[in-house]
Amino acid sequence: MDTDSSLLNSELEQQRHEELYQQLLLQTMGKIQNEGPPSKVIRPQPGMCLKTSSQKDQQKVFVNICQSWDVPPPPELSQDALVELLESDDPTGYKVPMSLGEAHIEMDNSLNSCTVYDVVINEEFFQKCQKDTLFQQFLVAVSLEGLENKYSLELSRDVKILKNRKFMGSLTEQNVRTKSKPIIQEISKQSQSQPSEAKRPEFCLWVEPPIGPPEFLIAEIQLPGVSSARSLLLDLGEDRLVLNARPSLFQLDIFFPFLVNQESSAAQYNTNSQISRG
(Lines give C-alpha, C1' and ligand atoms only; values in the text may rest on other atoms or scores of the structure.)
Protein backbone atom coordinates (compact mmCIF):
# COMPACT_ATOMS: atom_id res chain seq x y z
CA MET A 1 0.00 0.00 0.00
CA ASP A 2 1.57 3.25 -1.16
CA THR A 3 1.72 6.24 1.18
CA ASP A 4 1.78 9.85 0.09
CA SER A 5 5.01 11.01 1.81
CA SER A 6 4.26 14.70 1.26
CA LEU A 7 0.90 14.35 2.99
CA LEU A 8 2.49 12.43 5.87
CA ASN A 9 5.21 15.03 6.29
CA SER A 10 2.60 17.76 6.29
CA GLU A 11 0.60 16.02 9.00
CA LEU A 12 3.74 15.45 11.10
CA GLU A 13 4.74 19.07 10.69
CA GLN A 14 1.28 20.22 11.75
CA GLN A 15 1.40 17.92 14.77
CA ARG A 16 4.84 19.26 15.71
CA HIS A 17 3.63 22.85 15.52
CA GLU A 18 0.61 22.00 17.68
CA GLU A 19 2.80 20.33 20.31
CA LEU A 20 5.20 23.27 20.36
CA TYR A 21 2.29 25.68 20.60
CA GLN A 22 0.76 23.83 23.57
CA GLN A 23 4.15 23.56 25.28
CA LEU A 24 4.87 27.27 25.01
CA LEU A 25 1.32 28.15 26.01
CA LEU A 26 1.65 26.10 29.19
CA GLN A 27 5.06 27.62 29.92
CA THR A 28 3.70 31.12 29.46
CA MET A 29 0.68 30.45 31.67
CA GLY A 30 2.97 28.99 34.33
CA LYS A 31 5.22 32.04 34.15
CA ILE A 32 2.22 34.33 34.63
CA GLN A 33 0.91 32.35 37.60
CA ASN A 34 4.15 31.43 39.35
CA GLU A 35 6.70 34.05 38.37
CA GLY A 36 4.76 37.29 38.52
CA PRO A 37 6.79 40.41 39.24
CA PRO A 38 7.33 40.98 42.97
CA SER A 39 4.80 43.32 44.55
CA LYS A 40 3.70 44.63 47.92
CA VAL A 41 0.84 46.60 49.41
CA ILE A 42 1.83 50.18 50.21
CA ARG A 43 0.17 53.28 51.59
CA PRO A 44 1.39 56.16 49.39
CA GLN A 45 2.53 59.47 50.83
CA PRO A 46 0.86 62.77 49.83
CA GLY A 47 2.42 64.73 47.01
CA MET A 48 0.33 67.21 45.04
CA CYS A 49 -3.28 67.44 43.95
CA LEU A 50 -4.49 68.29 40.43
CA LYS A 51 -7.92 69.61 39.56
CA THR A 52 -9.28 68.98 36.08
CA SER A 53 -12.52 67.75 34.48
CA SER A 54 -13.84 65.06 32.19
CA GLN A 55 -14.20 66.08 28.56
CA LYS A 56 -17.47 64.22 28.13
CA ASP A 57 -19.64 65.70 30.89
CA GLN A 58 -17.41 68.44 32.36
CA GLN A 59 -17.53 66.83 35.80
CA LYS A 60 -14.76 67.71 38.24
CA VAL A 61 -11.93 65.21 38.51
CA PHE A 62 -9.09 65.33 41.03
CA VAL A 63 -5.78 63.50 40.66
CA ASN A 64 -3.65 62.82 43.72
CA ILE A 65 -0.05 62.45 42.58
CA CYS A 66 1.50 60.52 45.47
CA GLN A 67 5.00 59.32 46.24
CA SER A 68 6.60 56.12 47.51
CA TRP A 69 10.08 54.63 47.64
CA ASP A 70 8.55 51.28 46.69
CA VAL A 71 7.81 52.43 43.13
CA PRO A 72 10.87 52.03 40.84
CA PRO A 73 12.42 55.28 39.58
CA PRO A 74 12.51 56.07 35.85
CA PRO A 75 15.87 56.18 34.03
CA GLU A 76 17.98 59.24 34.81
CA LEU A 77 17.14 62.14 32.51
CA SER A 78 18.59 65.65 32.35
CA GLN A 79 16.55 68.73 31.52
CA ASP A 80 18.28 69.05 28.13
CA ALA A 81 17.48 65.41 27.38
CA LEU A 82 13.85 66.00 28.41
CA VAL A 83 13.58 68.99 26.06
CA GLU A 84 15.05 66.89 23.23
CA LEU A 85 12.63 64.07 24.08
CA LEU A 86 9.57 66.34 24.04
CA GLU A 87 10.62 67.78 20.66
CA SER A 88 11.20 64.32 19.13
CA ASP A 89 8.76 62.43 16.92
CA ASP A 90 8.23 59.75 19.59
CA PRO A 91 8.28 61.20 23.14
CA THR A 92 6.69 57.99 24.47
CA GLY A 93 10.09 56.29 24.47
CA TYR A 94 10.74 57.45 28.05
CA LYS A 95 8.61 55.53 30.56
CA VAL A 96 7.81 56.69 34.09
CA PRO A 97 6.86 53.75 36.36
CA MET A 98 3.63 54.57 38.16
CA SER A 99 0.78 52.83 39.95
CA LEU A 100 -2.67 54.01 38.84
CA GLY A 101 -5.40 53.45 41.40
CA GLU A 102 -9.09 52.90 40.80
CA ALA A 103 -11.50 55.84 40.95
CA HIS A 104 -12.97 56.69 44.37
CA ILE A 105 -15.70 59.18 45.21
CA GLU A 106 -14.95 61.98 47.68
CA MET A 107 -16.58 65.24 48.82
CA ASP A 108 -15.08 68.57 47.75
CA ASN A 109 -15.11 71.82 49.77
CA SER A 110 -18.67 72.52 48.59
CA LEU A 111 -19.79 69.10 49.86
CA ASN A 112 -20.37 67.94 46.30
CA SER A 113 -19.28 64.48 45.22
CA CYS A 114 -16.27 64.29 42.90
CA THR A 115 -14.16 61.60 41.27
CA VAL A 116 -10.60 61.11 42.51
CA TYR A 117 -7.72 59.01 41.13
CA ASP A 118 -4.45 58.25 42.92
CA VAL A 119 -1.21 58.10 40.92
CA VAL A 120 1.89 56.84 42.77
CA ILE A 121 5.42 57.53 41.50
CA ASN A 122 8.91 57.15 42.90
CA GLU A 123 9.57 59.58 45.76
CA GLU A 124 12.96 60.75 44.47
CA PHE A 125 11.53 61.44 41.01
CA PHE A 126 8.62 63.32 42.59
CA GLN A 127 11.03 65.57 44.49
CA LYS A 128 12.94 66.22 41.26
CA CYS A 129 9.71 67.28 39.55
CA GLN A 130 8.92 69.62 42.44
CA LYS A 131 12.17 71.48 41.88
CA ASP A 132 11.89 71.80 38.10
CA THR A 133 8.85 73.29 36.36
CA LEU A 134 9.49 71.48 33.09
CA PHE A 135 9.67 68.08 34.83
CA GLN A 136 6.53 68.94 36.80
CA GLN A 137 4.63 69.72 33.60
CA PHE A 138 5.92 66.47 32.11
CA LEU A 139 4.77 64.53 35.20
CA VAL A 140 1.28 66.04 34.99
CA ALA A 141 1.03 65.14 31.30
CA VAL A 142 2.13 61.50 31.68
CA SER A 143 -0.14 61.04 34.73
CA LEU A 144 -3.20 62.19 32.78
CA GLU A 145 -2.24 60.07 29.77
CA GLY A 146 -1.71 57.03 31.99
CA LEU A 147 -5.18 57.39 33.53
CA GLU A 148 -6.77 57.94 30.11
CA ASN A 149 -5.13 54.83 28.65
CA LYS A 150 -5.94 52.57 31.60
CA TYR A 151 -9.52 53.68 32.26
CA SER A 152 -10.58 54.90 28.79
CA LEU A 153 -11.01 58.49 29.98
CA GLU A 154 -10.87 61.84 28.25
CA LEU A 155 -9.51 64.46 30.64
CA SER A 156 -9.19 68.18 30.08
CA ARG A 157 -5.67 69.61 29.83
CA ASP A 158 -6.89 72.71 31.65
CA VAL A 159 -5.26 71.58 34.88
CA LYS A 160 -4.86 73.47 38.15
CA ILE A 161 -2.32 72.44 40.77
CA LEU A 162 -3.88 73.10 44.17
CA LYS A 163 -1.34 75.02 46.27
CA ASN A 164 -2.91 74.47 49.68
CA ARG A 165 -3.90 70.82 49.28
CA LYS A 166 -1.59 67.83 48.81
CA PHE A 167 -4.42 65.35 48.24
CA MET A 168 -8.19 65.16 47.93
CA GLY A 169 -10.18 62.84 50.19
CA SER A 170 -8.25 59.87 51.52
CA LEU A 171 -5.28 57.97 50.12
CA THR A 172 -5.97 54.27 49.65
CA GLU A 173 -3.50 51.40 49.78
CA GLN A 174 -2.20 50.09 46.45
CA ASN A 175 -0.52 46.89 45.33
CA VAL A 176 2.59 47.97 43.42
CA ARG A 177 5.50 46.20 41.74
CA THR A 178 8.63 46.68 43.79
CA LYS A 179 11.09 46.40 40.92
CA SER A 180 11.15 46.42 37.16
CA LYS A 181 11.33 42.99 35.56
CA PRO A 182 13.22 42.40 32.31
CA ILE A 183 10.82 41.15 29.66
CA ILE A 184 13.32 39.14 27.66
CA GLN A 185 16.82 38.13 28.69
CA GLU A 186 18.50 39.51 25.59
CA ILE A 187 16.99 42.88 24.76
CA SER A 188 18.42 45.71 22.70
CA LYS A 189 19.09 48.89 24.67
CA GLN A 190 18.69 51.17 21.69
CA SER A 191 17.41 51.04 18.15
CA GLN A 192 19.85 49.37 15.79
CA SER A 193 20.69 50.43 12.27
CA GLN A 194 18.99 48.10 9.83
CA PRO A 195 21.50 46.40 7.51
CA SER A 196 20.32 46.29 3.96
CA GLU A 197 21.63 42.74 3.45
CA ALA A 198 19.62 41.30 6.36
CA LYS A 199 16.79 39.00 5.32
CA ARG A 200 13.22 39.00 6.63
CA PRO A 201 12.73 35.58 8.31
CA GLU A 202 9.66 33.41 7.94
CA PHE A 203 7.35 33.61 10.94
CA CYS A 204 3.92 32.52 12.17
CA LEU A 205 1.59 34.09 14.73
CA TRP A 206 -1.01 32.18 16.77
CA VAL A 207 -3.78 33.80 18.77
CA GLU A 208 -5.60 32.01 21.56
CA PRO A 209 -8.56 31.88 21.61
CA PRO A 210 -8.94 32.23 17.83
CA ILE A 211 -12.33 33.91 18.25
CA GLY A 212 -13.12 36.71 20.66
CA PRO A 213 -10.76 38.87 22.74
CA PRO A 214 -7.21 37.40 22.55
CA GLU A 215 -5.60 36.11 25.75
CA PHE A 216 -2.34 34.78 24.33
CA LEU A 217 -0.18 35.62 21.31
CA ILE A 218 2.58 33.23 20.26
CA ALA A 219 5.14 34.02 17.58
CA GLU A 220 7.35 31.38 15.94
CA ILE A 221 10.27 32.75 13.89
CA GLN A 222 12.45 30.58 11.61
CA LEU A 223 16.15 31.51 11.97
CA PRO A 224 18.23 29.02 9.95
CA GLY A 225 21.95 29.49 10.45
CA VAL A 226 21.69 31.15 13.88
CA SER A 227 23.62 28.90 16.27
CA SER A 228 23.14 30.77 19.55
CA ALA A 229 20.69 33.09 21.30
CA ARG A 230 23.65 35.40 21.93
CA SER A 231 23.41 36.41 18.28
CA LEU A 232 19.86 37.71 18.76
CA LEU A 233 18.67 41.16 19.78
CA LEU A 234 14.97 41.11 20.63
CA ASP A 235 12.93 44.17 21.57
CA LEU A 236 9.25 43.81 22.46
CA GLY A 237 6.94 46.79 22.83
CA GLU A 238 3.25 47.04 23.56
CA ASP A 239 2.33 46.55 19.91
CA ARG A 240 5.64 45.92 18.13
CA LEU A 241 8.34 43.25 17.85
CA VAL A 242 11.83 43.95 16.50
CA LEU A 243 14.31 41.10 16.04
CA ASN A 244 17.87 41.33 14.72
CA ALA A 245 20.13 38.33 14.16
CA ARG A 246 23.80 39.20 14.00
CA PRO A 247 25.85 39.55 11.95
CA SER A 248 23.35 40.92 9.42
CA LEU A 249 21.53 37.61 8.99
CA PHE A 250 17.90 38.45 9.73
CA GLN A 251 15.84 41.49 10.61
CA LEU A 252 12.15 41.45 11.51
CA ASP A 253 10.03 44.47 12.44
CA ILE A 254 6.30 43.80 12.83
CA PHE A 255 3.33 45.46 14.52
CA PHE A 256 0.57 43.56 16.33
CA PRO A 257 -3.13 44.38 15.80
CA PHE A 258 -3.61 44.61 19.59
CA LEU A 259 -1.62 45.48 22.72
CA VAL A 260 0.69 42.95 24.40
CA ASN A 261 1.27 42.61 28.15
CA GLN A 262 5.05 43.06 28.26
CA GLU A 263 5.44 42.03 31.90
CA SER A 264 4.05 38.53 31.28
CA SER A 265 5.88 37.93 28.00
CA ALA A 266 8.62 35.35 27.53
CA ALA A 267 10.94 34.21 24.72
CA GLN A 268 13.11 31.19 24.01
CA TYR A 269 15.41 30.01 21.22
CA ASN A 270 15.81 26.34 20.26
CA THR A 271 19.32 25.84 18.86
CA ASN A 272 18.38 22.41 17.39
CA SER A 273 15.37 23.53 15.35
CA GLN A 274 16.75 27.12 15.08
CA ILE A 275 13.34 28.55 15.91
CA SER A 276 12.62 31.45 18.23
CA ARG A 277 9.28 31.49 20.09
CA GLY A 278 7.70 34.08 22.30
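The model is a predicted one, so to speak: local features need pLDDT of at least 70 and side-chain atom pairs count only at pLDDT 80 or more, while totals for chains, interfaces and linings use all residues. Residues are numbered from 1 along each chain as its sequence is written, and side-chain values use heavy atoms, with hydrogens and water left out.

On to the overall picture. The secondary structure comes to four helices and 15 strands; these are DSSP runs numbered from the N terminus, with helices being H or I of at least four residues and strands being E of at least two. Of the 278 residues in the protein, 36% are buried. Here buried means under 20% relative accessible area, exposed means over 50%, and partly exposed is in between, with a 1.4 Å probe and protein chains only. The accessible surface is about 17400 Å², and carbon and sulfur atoms hold 48% of that; such areas come from the Shrake-Rupley method with a 1.4 Å probe, and for residues only the protein chains shown count as cover.

Next, the inside. In soluble globular proteins, nonpolar side chains tend to be buried together. A nonpolar core is a set of buried Ala, Val, Leu, Ile, Met, Phe, Trp, Tyr and Cys residues joined through side-chain atoms within 4.5 Å. The largest such core has 26 residues, and Ile65, Phe125, Leu139 and Leu147 touch the most other members. Two or more residues come from each of β2 (45-53), β3 (60-68), α2 (79-86), β6 (113-122), α3 and α4, with α4 giving the most, eight residues. Setting aside neighbours within four places in sequence, Phe125 is in contact with Pro74, Tyr94, Val96, Phe135 and Leu139. There is also a second, separate core of 14 residues, with Leu232, Leu236, Leu241 and Phe250 among them.

Two of the helices deserve a look as a pair. Helix α3 (residues 123-131) packs against helix α4 (residues 133-151) at an angle of about 125°, and their axes are 5 Å apart. Axes are lines fitted to C-alpha atoms, for helices over the stretch in contact, and angles run from 0 to 180 degrees between N-to-C directions. The two helices are therefore oblique to each other; angles under 35 degrees count as roughly parallel, over 145 as roughly antiparallel, 65 to 115 as roughly perpendicular and the rest as oblique. From α3, Phe125, Phe126, Lys128, Cys129, Gln130 and Lys131 meet Thr133, Phe135, Gln136 and Leu139 of α4.

What about the backbone? Most residues other than glycine have a negative phi. Gln58, in the loop between β2 and β3, has a positive phi near 60°, and this residue counts as exposed at 53% relative accessibility. Ser152 sits in the loop between α4 and β7 (160-162) and has a positive phi of about 55° without being a glycine; Ser152 is exposed too, with a relative accessible area of 68%.

Ser231 and Arg246 are 15 residues apart in sequence but 5.1 Å apart in space, C-alpha to C-alpha.

Methods
Contact = heavy atoms within 4.5 Å.
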